[in-house]
Amino acid sequence: MKSCPKQPFFGLSVLSFSILVIVTAAAQTGPTPTRIVRCPIKVESPLLVKAELTDVGRLARKLHDGQVTLSQDLRTQLSPETLALLNRPDAPKLSDLLVADLNRLLKGPSLFTEARFAGVQLSEELKSLMASNPQGEELILLNRLLLEAAYPQEIAKDQNRPVPKGLRISSVKVTGRRGVGPIEKELQTLFVGKMYTTQLHRQAVQKVDEALTNEVNQSFEEQTGINGGAHADRMTGAAFIYLTQCVEIDNASKSVDMIVKVLFLRTDLKSLANNILPLPRSLEPSFYDKMPAVLRAFNPLFDFGYDRRTGPVPSLKLSTNLLALSPLLKGEQTPDPEKTRLDFDFSGQKALNNRFYQTATDFNVNKERLGKVVEQIEFAGSFRAADQPLSDLRQNNNGLHFNGQVKLRPRLGLVNTVYLQGKYDRTNNKVFDQTGRQLIAERDNTGAFRGIIDGRMWGGFTRVGIWFEATEASKSSISFRRLAGIAGFEKEFGSGTQTVGFEGVVGGGRAWGSVPFYARFFGGNNAANFLYDSSDSPTMTAFPVGPLLRSYGKTQATVPTATFNNMGGIAYCHTNVNLTLPVRAWSRPLIPDDETDIIDPDTGLPKRLNKLLEDFSINSARNTLTDLLMDPIIDELMKKDPTLTEDEAAEKALAIAAPQAKKLVDREVAPTIRFISRHANLYALKPMVMLDAAYLRGNMGERRQRFAAGGGIQLVMVIARAEVGYMRSLPTISGESKGSFVFRLTFQNIF
């Protein structure tokens, strides 16, 4: 058994994780205090309204008692009606009278004197405004800011300031993650140098909206498989766009930076896991058609892991549609995604401190049939090669693989998506000892079946997988069969974004016949992440190696016999549990808890942003699906009754299609939208508890049970998901692993 790799290699993993934490903290820094930021802006006056007097009784007592100069001076300027009620803070009319009097004082002259505001902390915005000799609305704003500073517990801060007149636009900024430069450059050409008006700002907002939703941009999302990319008219996804006008004012130069703040969220209804698992997400948009051509065309994804046996292992995945490669590279609109695709996929990983590697090169032809039960049909051919640890030995294999797969969408809630795959493999397998001496050389012909079911249960994500294969070894003329199954469940328990995460996986397998050494089951920290890996990834299409036991390195857990200490088993089972615990200070909601300027008709109050997202996205999905369902219904109605006009048929079709659309959306779309709006985090750093139990049995009745427990940290943020921790064997077994560090960093949602 090999010893644990040297500490510097694990230090590289910890360093990567630390950088992520530092970047998370840095993301929270705000704008420099020398400039005034107003986000969002508004046209209304900063005069007070009754709701902004947050503690009328306290304010009345301060004015009545007159213990400071400002309160004394303000009291002398109040109306007789107001003065009569200052000692009766519960009087119904007091709020209205105070608002009327204070608004009269806000209109001028300036309330500021050194004596009145001695000991009051004045903001940079207030000081800058005083130095600019404000008049009109700006004078009202100055006095409002002064009252807010003097009575912070009694008068609410009005965050939505109007923009002063007479400011020249010095720059235009658009919030976004990728491809923002070209649209910003276009807006700079149009608006920089002009005098700022809200009309110009609205024009900039419209330009950004058009750039995000144009057909070219959306077709790139479809072709490159961006998580959440979807056409709004195909019911493969739902989009939410909320644009806000913000400014950054420099009173010294009488200039303003015009900002278009974009909250842009797409939900990918083709993949249930992408929406209800705690995956990296962002509300900042990417203008995919404006990104570098190579990135846009090949959509690279990165991964970095650490294992006791293999050491640090980086990996890379590339994918593209070869039939759309030319328009992807040129930045043109790509073909309709419902047409036949020819996809090229490459994935590879290489250990940094030894010879272990794994590659897969796939070509597949597939056809999507959106809205059908059989949603996708695929035929693929691939070449795969690997050199991987096998107990204390090493296995080298390579070969050709041919398969056909169908993707079914029964949409039954519990069963959302089903993947069924049949394949034929012709592989060469070799096993070497630690000195490099070849021990086994065999050529296998294998027929195999795989099924993956994704669904929803108890408000969480469920996945079930089954693998079966029958193999004949051509050199030794032996045959064997193997069967394995895994079931997993993930759910976030609790309300809001401070949830306890639970992940549970159970699995088992059995082999029959003359099972060669390389086809037996070995336990350890096997790389597959059953709940999170995509259904077509190499780790999910390959037959399971054995039980997941994270206190051991990859394939290090064996079934010792009287003759060999490194023999694999012919049967196994395992149970694995992860619990993540919320820490409010270490997380930030994906959807800000902000008020919008849209009034909720039920409450008469401004809608919160997450509620607006829910209502808008769910209603949009219902309307879109209703439109899709109506056309065939109209055709059918007019065939049955030729006397119907098109308008009459449409009216009858609407009565049929709308309830069907509502039922489907409420069952399949609404839970996804609600999860994202209520529970998703922009970033979350959570302590993690890990538990493993595994069982291996040999063909002569030998068996071994192993248990492990440990802890660590899980980080999910914008573009990355990381887990780092330590698992300890319980109890330790003489001559075997006492424990192991585990680390995995996956970059997702990069674009």
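**Entry: what I am working from.** The model is predicted, so I note that local features need pLDDT of at least 70 and side-chain atom pairs count only at pLDDT 80 or more, while totals for chains, interfaces and linings use all residues. Residues are numbered from 1 along each chain as its sequence is written, and side-chain values use heavy atoms, with hydrogens and water left out.

**Entry: salt bridges.** I looked up the total and found 27 salt bridges in the structure. I count a salt bridge when a side-chain nitrogen of Lys or Arg is within 4 Å of a carboxyl oxygen of Asp or Glu. Side chains of opposite charge can pair when their charged atoms come close.

I went back to Arg706 and found a salt bridge to Glu736, with the closest N and O atoms 3.0 Å apart. Arg706 belongs to strand 21 (residues 703–717) and Glu736 to the loop between strand 22 and strand 23, so this pair ties together parts that are 30 residues apart in sequence. Glu736 also counts as buried, at 14% relative accessibility. For helices (H or I, at least four residues) and strands (E, at least two) I take DSSP runs, numbered from the N terminus.

Next I took Asp692 and Arg550, whose side chains meet in a salt bridge at 2.6 Å, N to O. This pair links distant parts of the chain, 142 residues apart: Asp692 is in strand 20 (residues 681–697), and Arg550 is in the loop between helix 14 (538–541) and strand 16 (571–580). I found both Asp692 and Arg550 buried.

I then checked Arg58, which forms a salt bridge with Glu154, the closest N and O atoms being 2.5 Å apart. Arg58 sits in helix 2 (residues 56–65) and Glu154 in the loop between helix 7 (137–150) and strand 2 (168–174), so the contact ties together parts that are 96 residues apart in sequence. Glu154 is buried at 1% relative accessible area, whereas Arg58 is partly exposed at 31%.

Entry: Which residue of strand 8 is the bridge partner of Ser347? I found Ala360 there. Two strands pair if DSSP finds at least two bridges between them. Strand 6 (residues 311–321) and strand 7 pair in the antiparallel sense over seven bridges. Strand 7 and strand 8 (residues 357–368) run antiparallel and are joined by ten bridges. I also noted that strand 7 and strand 8 form a hairpin with six residues between them.

**Entry: surface patches.** I looked for patches, which are made of residues with over 30% relative accessible area and no salt bridge; like charges are joined within 9 Å, and nonpolar side chains (Val, Leu, Ile, Met, Phe, Trp, Tyr) within 5 Å. Accessible areas come from the Shrake-Rupley method with a 1.4 Å probe; for residues, only the protein chains shown count as cover.

I found a surface patch of positive charge made by Lys339, Lys367, Arg369 and Lys372. Lys and Arg count as positive and Asp and Glu as negative, with His and the chain ends not counted. I take the place of a charge as NZ of Lys, CZ of Arg, CG of Asp or CD of Glu. Lys339 lies in the loop between helix 13 (325–330) and strand 7 (341–350) and counts as exposed at 51% relative accessibility.

I also found a nonpolar surface patch of about 460 Å², made by Leu420, Phe449, Ile466, Phe468, Leu483 and Trp512. Trp512 is in strand 15 (residues 500–513) and is partly exposed at 31% relative accessibility.

**Entry: backbone.** Most residues other than glycine have a negative phi, and most peptide bonds are trans. I noted a cis peptide bond from Gly108 to Pro109, with omega near 0°, and another joining Leu730 and Pro731, with omega about -10°. Lys254 has a positive phi, near 55°, and Ser477 has a positive phi near 60°. Lys254 is partly exposed at 41% relative accessibility, and Ser477 is exposed at 63%.

Methods:
Buried < 20%, exposed > 50% of the residue type's maximum accessible area, 1.4 Å probe, protein only.
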